[in-house]
Amino acid sequence: MEHTLAGVLFHILIFPGLLFLATMALFAEYVDRKVCARLQNRVGPPWFQPWADFIKLMAKENLVPELVDRPMFAIAPLVALTSVVTALMYIPIWKSSALYAFKGDAIVVLYLLSIPTVAFFLGGWYSRSLFSMIGAARAITQLFAYEVPLVLSILAPALLADTWSLSELTKYYAAHPLHMLFNVIGLAVGLLALLGKLERVPFDAPEAETEIVAGTLTEYSGKLLAIFRMAISVEMIVGGSLLAAVYLPFGLNLGPEVGFGLYLVKVFAIVCLISLLRSVFARLRIDQMVTFCWRYVAPVAFLQLLIDLAAKGLMKGPVGP
Amino acid sequence: MPDANLQVPIGPQHPALKEPTSFMLTLSGEKIMKAGIRLGYNHRGIEKACEARTYIQDLYLVERICGICSHSHATAFAMAVEECAQLEVPRRANYIRSLVGELERVHSHLLWLGVAGHEVGFDTLLMYTWRDREVVMDLLAMLTGNRVNYGINTIGGVRRDVSSEQKLKILEGVKVLEERTKYYITVATEEVTLAKRLSGVGALSHDDAVRLGAVGPTARASSVPRDCRKDDPYAAYAEVPVNVITDNHNDVYGRTLVRCGELMECYRLIRQLIENLPEGPIAVKAPRKVPAAEAFVRYEAPRGEDAHYVKSNGTEKPERVKVRAPTLANVQAVAHMLKDGYLADLPIVVAAIDPCFSCTDRLIEVAGSARDGVMTWGQLREYGIEWHRKRGVDFSALNRNFRAGENR
Amino acid sequence: MTKAGKMLQEVLRSVGRKPATVRYPHVKVTMPADFRGKLAFDPAKCIGCKLCMRDCPAAAIEIVKVGDKKFEAHIDIAKCIACGQCVDSCPKDTLRLTGDFELAQLSRGKLRIVIQPAPGPEPEPKKPEK
């Protein structure tokens with residue numbers, strides 16, 4: 001089924017592609033807003049609010065300013081959305097192997113996940129508005145800060161499992177569940193790096209509402225804004241799925257229904273954790289964020305790498321070549 | 001990166017500003033090289049309107065200069081008129097005026113804490129402080145009949161009395177607020193992301209604060225002990241002295257500490273005012289026609305020194321009313337603080353002086369104009385349209401989407 | 001001593017607490033006694049001195065004579081700022097401010113109310129509502 005044309009289209013458009021991801025993303029946005037509201041002692045929006053927002057935005061006029069570079073302006077959101085949807089094809093969801101797994105797909109997923117940031121940069125830059133240009137510049141600066149910890153946090157467990165394929169990685173950890181304990185620090189690093197990628201408080205500078213209006217999204221409206229916002233929410237789901245697959249791969253060999261249910265639990269737990277972090281921190285300035293990532297997060301990520309190298313060495317030791 | 005020197009307009013409409021002002025920034029990367037400030041977007045002609053209304057009507061007009069410092073303006077105006085008419089306000093009225101003034105200060109500082117949190121992206125602090133602000137707003141609604149624009153003053157005293165049940169309720173409310181404020185003080189001093197955003201930002205040395213004429217918490221955070229309640233006691237402050245809270249951090253963090261310290265001081269003052277509330281009448285009869293005189297009164301609003309000048313001429317209506325709000329004194333300091341700072345710090349630096357541009361925009365002087373005379377409203381409108389047309393603004397494009405009848 | 005996430009305990013505690021939001025208008029809010037809301041006028045007590053008109057900062061009230069010792073009040077709720085100066089100025093206790101604050105209407109005409117005196121011995125011509 002997976003490699004026929006109808007199968008591929010089904011996977012891309014419906015499950016686990018566009019339709020599934022759109023539903024999950026809008027639901028995750030609801031969970032995020034509701035959790036944040038309850039933590040702030042408020043009521044929060046009703047469950048259908050993200051859908052209503054999306055439909056409203058699709059129906060609104062698409063106002064394109066005169067000075068904008070039209071092709072880039074229109075393509076940027078589409079590129080952002082498609083790259084994150086594609087990334088999910090390589091992440092194991094309900095069983096230990098992803099849909100289109102192949103050797104080295106961890107690298108491809110990381111690459112695909114950095115495309116949305118570049119798309120934000122291009123969209124903001126070609127909007128030619130002062131605020132969006134500043135937001136775009138900040139988005140790329142932030143990329144330099146969190147990318148290394150993010151890559152290392154995927155690299156370290158992959159090193160322990162001796163493979164570059166996410167599906168092989170989950171199979172390895174499903175077979176040796178205790179080895180997940182080596183990677184606890186990496187989970188914290190991965191979570192912080194994910195916060196940076198998703199541009200959430202405290203790493204919110206590219207989209208700082210009180211400083212640069214809306215950053216990249218300032219000049220967007222109507223359908224393009226709806227697609228950009230959908231891309232941001234889907235990025236949250238895909239990033240969460242990646243972390244869940246690499247750091248919490250238990251239960252994946254218990255059958256598709258149980259595996260899928262556990263997957264949902266894991267992803268929404270990560271979303272709730274992100275909302276919690278959003279509620280207790282203020283926004284860091286871009287230079288403070290870069291300093292923080294390079295001074296604290298990257299060394300801890302290296303530490304995790306060393307731990308995994310040592311563990312691998314110790315395990316291979318007695319057996320020996 | 002954008003070009004070396006980018007001109008970025010912050011305002012008049014910007015999410016960081018609660019009221020319209022224009023900051024024209026010259027940026028180099030993220031650093032601000034120069035900041036130019038333009039005021040005047042909130043000018044409503046209140047001083048001129050005061051001249052056309054009687055003193056008692058002006059009291060309500062002056063109260064509505066600002067929503068948060070409304071009692072400050074009303075009391076200052078009432079004190080100025082009472083000085084012109086040489087009325088002796090009864091002691092009980094003075095105590096009630098001070099009580100409402102201190103409650104207003106609590107309200108204003110809690111609001112400021114929330115706004116400061118919002119400007120640095122800490123929305124949780126905003127939600128919590130504004131939730132607690134409801135306590136003081138309910139107290140004020142009980143005391144004065146409205147949550148903002150209290151209208152408790154009249155020329156010669158106050159309009160409403162405080163009963164013993166109201167006193168008890170105020171003491172209960174203050175107890176709750178004091179506990180919450182202590183918690184916010186720990187959050188402001190211990191939360192690491194807040195400390196990073198607030199420390200070292202918006203630096204204003206002691207000498208600069210004196211030179212630029214800063215007032216209120218902005219000056220007190222630079223060790224300048226200026227407080228009208230101590231320097232020039234009015235209302236009940238001669239009998240219930242105030243401890244002036246200063247701090248020597250010289251930055252936004254210091255201003256936060258000063259405001260939090262003032263909140264605790266307010267609770268102490270409120271308790272003392274209620275305990276020592278003297279018996280007696282709450283107002284003296286004020287004449288409708290105030291004899292010719294001038295009076296200049298200073299009042300310590302939550303933002304700083306609020307100065308009112310009233311000139312009477314023996315009729316029912318004042319000859320001239322002039323209001324100098326504290327933000328006008330602090331706004332020069334803002335231009336100085338923004339220089340060599342980061343763009344990301346602009347919202348919190350502006351918010352740290354607790355700007356209230358509605359209070360500030362009074363008279364605008366057109367420099368170097370050869371024009372003289374008085375224009376009617378219609379003439380002013382024509383003049384404005386012609387001015388913009390000469391600069392190339394095409395009005396036909398603006399109203400293109402309005403259907404007939406929709407445009408009021 | 002700074003620490004990260006100082007508000008963590010407090011926000012986690014809020015999850016169990018009832019939200020602080022009042023679900024207005026599903027939940028009604030009552031204002032305290034002596035709240036300054038909509039103006040009420042008792043035509044039986046009015047003597048037509050017009051002190052309230054003189055002192056109103058917003059020119060929101062107009063007293064019109066409709067008969068011998070009978071006065072009606074034209075009140076523009078849109079202009080009234082509920083300051084209560086008219087209540088204080090009136091020598092006969094004719095006016096008072098109620099606690100009604102839900103004053104929004106869909107058309108401006110509905111905001112101008114006319115309070116007429118009770119019909120006396122001879123029938124009065126009815127004044128049309130503005």
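Biologist: Why are helix 3 of chain B and helix 4 of chain B called roughly antiparallel to each other?

Modeller: In this predicted model, helix 3 (residues 70-85) and helix 4 (residues 91-119) of chain B pack at an angle of about 150°, with their axes 9 Å apart. Angles over 145 degrees count as roughly antiparallel, and the two helices are therefore given that label. Angles run from 0 to 180 degrees between N-to-C directions, and axes are lines fitted to C-alpha atoms, for helices over the stretch in contact. Contact means heavy atoms within 4.5 Å, and among the residues that make it are Thr75(B) and Met79(B) of helix 3 and Val100(B) and Gly101(B) of helix 4 of chain B.

Biologist: What makes strand 2 and strand 5 of chain C edge strands?

Modeller: The open sheet has the order 2-3-5 in chain C, with antiparallel pairing. Strand 2 (61-67) and strand 5 (112-115) each have a single partner strand, so one side of each is left without a neighbour in the sheet.

Biologist: How do you know that strand 2 of chain C pairs with strand 3 of chain C?

Modeller: Two strands pair if DSSP finds at least two bridges between them, and 6 bridges join strand 2 to strand 3 (residues 70-76) of chain C. One bridge partner in strand 3 is Phe71(C), which belongs to Lys65(C).

Modeller: On conventions, residues are numbered from 1 along each chain as its sequence is written, and chains are lettered from A in the order in which they are written. Local features need pLDDT of at least 70, and side-chain values use heavy atoms.

Key: This is a predicted model: local features need pLDDT of at least 70, side-chain atom pairs count only at pLDDT 80 or more; totals for chains, interfaces and linings use all residues. Helices (H or I, at least four residues) and strands (E, at least two) are DSSP runs, numbered from the N terminus. Angles under 35 degrees count as roughly parallel, over 145 as roughly antiparallel, 65 to 115 as roughly perpendicular and the rest as oblique.
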